[in-house]
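Dear colleague,

Please find below the structure that I am handing over to you. My notes on what was found in it follow.

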Amino acid sequence: MSLPIQEDAWPDQDLEPVGRCPVCGDGRRAVWREQVTDAAFRAAPGRWTLWRCQACETAYLDPRPTAASIGRAYSRYYTHAEPAKNFLVPGDRPDLRFKRAIHLSHYRRDYGHPSDEAFPLGWLAFAWSPWRRARAGQFIRHLPAPSTRADVLLDVGCGDGGFLRVARALGYQARGIEFDPVAAATAQREGFEVFVGGVDDAPLPDAGLAQVSLSHVIEHLHDPVAALRRLHQALRPGGRIWLQTPNIDSRGAERFGVAWRGLEAPRHLVMFNAASLMTALRHAGFVDMRLMPPQLDAAFYIEQSTAMAAGLDPYQGDRGRRRAARREGKAWDRDALKHPEHAESITVVARRP
Ligand SMILES: [Zn+2]
């Protein structure tokens, strides 16, 4: 399916001005990207401007769709009918038993997860490879072992429950919040408690959660700091939050400009670099912010951004483009391991004091 870029404007009455930085409130700013279109999904009309806050470096769309109208921008968004099977869930992938056994050995040694099935010296496969450690850590979102079987993990924007299945396999009571009722129903069929809606209206416990994760969610929120404050309140003291979001200081953001896949206007309303994400967390009351080893995802950003820069639909695959992106992506990922502050996406953890 190849769809034209929508040339209409987003209706005036459905736009709101922002004026000052949604993270720190400062009004000093400069235009960062102009004339950004929804070249990824071609679902939303409009040409958008992103401003960069000169105080905290956050980038934000202004004007932007109102909360009441933003749903229109998601009309062609991807959702999945089946949760992805993975090697960590017992019974999912019997063919990947060995992969599971060596990972469990690494997770036992580096993350404290107890396991009878770990291959005794499996961790050695990771000890010499920052690449493998980064991949394995990202796969479990750097989750430490739960302190009891009653520990609750909340995944905000849980989609079809792919990560809920991983968290359950690691011994957590896993719950989700998800906007898309079709994706939420898939997770619910797997036995997960999923609230259909947003962070603002989800019922949350007071100081009851052990873990919260948000993968590519924070950039979609109108008021990210308010959402982080709510999640902070819902975490128990010592509880941990994990976030991943596209990085406005990435190599791809610089190379591809308005065609960078991470921009995704007008669905991405507030965008971060490592420092500004930590500022947002600090404003919400979190402490001990840490930038984690990156998701090694440069090939995806390069492939899609290259297509978008050429005016093509990034979801129309092209073998040559994919091969070139894989090659270059590997080199970018290797650099990102040394400089995670320039990876295509940033991963940050913090905790409630
Ligand atoms: Zn700011």
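Is R93 buried, partly exposed or exposed? R93 is partly exposed, with a relative accessible area of 33%; here buried means under 20% relative accessible area, exposed over 50%, and partly exposed in between (1.4 Å probe, protein chains only). Please note that this is a predicted model, in which local features need pLDDT of at least 70 and side-chain atom pairs count only at pLDDT 80 or more, while totals for chains, interfaces and linings use all residues. Residues are numbered from 1 along each chain as its sequence is written, and side-chain values use heavy atoms, with hydrogens and water left out.

The side chain of R93 forms a salt bridge with that of D95 (2.8 Å, N to O), a salt bridge being a side-chain nitrogen of Lys or Arg within 4 Å of a carboxyl oxygen of Asp or Glu. D95 is exposed, at 54% relative accessibility. The whole structure holds 19 salt bridges, including one between R28 and D26 (2.8 Å, N to O). In another, the closest N and O atoms of R255 and E328 are 2.7 Å apart.

As to the metal site, C21, C24, C53 and C56 coordinate the zinc ion through their SG atoms at 2.3 Å (donors are N, O and S atoms within 2.8 Å of the metal, or 3.2 Å for Na, K and Ca; water is not among the atoms, so sites may look incomplete). The spacing of these donor residues in sequence is C-x2-C-x28-C-x2-C.

Yours sincerely
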